Amino acid sequence: MSKPPIYVVSDSVGETVELVTKAAMSQFNGAAVELIRIPYVEDTSTIDEVISLAKMNNGMIVFTLVKPNIRKYLIESAKASSIFAFDVIGPLIDRFQEMSGVIPKNEPGLVRKLDDEYFKRIEAIEFAVKYDDGRSPAGILKADIILLGVSRTSKTPLSQYLALKRFKVANVPIVPEVDPPEELHKVDPKKCIGLKISPDKLNDIRKERLIALGLNSTATYANIERIQEEIAYFEKVVDRIGCKVIDVTNKAVEETANLILNYVNNQR
């Protein structure tokens, strides 16, 4: 049986067209077919070369081209040279446009861009979980953003929210009895953001937290003198680091996150 080469042509990396072609070829008892990937096709001269090769080697073409003019040129050129050329996504794009009335972007590589964005987001979420609440100081050196604050200043939800924006965030609890990690003095202070809150507001939050846990709301955790001590220590730490401080009193997580994002983007 003759095994003509298959030229898999794409205006992007070519993974999609190669995967589809391999899926089809797998139905032939694993027959070894030569696949020649030709990625990033953006001009007619490259198509002329592919047509010439396919004609010379009695091959066929399978392609994904989203730019209408390039796609049309390949189809017409292949037909004129009696070469079989299979359009993987063109008919689907055309049909969807007819049914929906939506104009396609006709921009190569969008699937890959979406995949990259997805995996960056997942990586950032995993990072936020791994380095939540000061679990490992090593995360401080790897983070895009480091959040500092006393307990119940929304460090964890902020870390997760910013992770959805693809930022790797480590958060560090500030406690008077524990020296801050040395790593905080090894990173750019611009990466560090202190989360400040009023003592009265924090007192209310901690009391509600204790009640929700079924504990006594008069515990030391919600004692106003203790809270004032923690906040005073927090202020010493952030002053020593020289980092940005954001007052989160009465702010929603989204509001604080936007302030952080604006600050980070301005630093860039």
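## A parallel sheet and some ring contacts

Four strands line up as an open, parallel sheet in the order β6-β5-β7-β8. This is a predicted model, where local features need pLDDT of at least 70 and side-chain atom pairs count only at pLDDT 80 or more, while totals for chains, interfaces and linings use all residues. Residues are numbered from 1 along each chain as its sequence is written, and side-chain values use heavy atoms, with hydrogens and water left out.

At the edges sit β6 (169-173) and β8 (244-247), each with a single partner strand, so one side of each has no neighbour in the sheet. Strands here are DSSP runs of E, at least two residues, and helices are runs of H or I, at least four, numbered from the N terminus; two strands pair if DSSP finds at least two bridges between them. Strand β5 (residues 145-149) pairs with β6 over five bridges, in the parallel sense. Ile145 has Val169 in β6 as its bridge partner.

Now for the rings. The structure has two aromatic pairs. Rings of Phe, Tyr and Trp (its six-membered ring) pair with centres within 6.5 Å; planes under 30 degrees apart are stacked, over 60 edge-to-face, the rest tilted.

| Pair | Centre to centre | Plane angle | Type |
|---|---|---|---|
| Tyr118 and Phe119 | 5.3 Å | 70° | edge-to-face |
| Phe127 and Tyr131 | 4.6 Å | 50° | tilted |

Phe127 is buried at 8% relative accessibility, and Tyr131 is buried at 5%. Phe119 is exposed at 53%, and Tyr118 is partly exposed at 46%. Buried means under 20% relative accessible area, exposed over 50%, partly exposed in between (1.4 Å probe, protein chains only).
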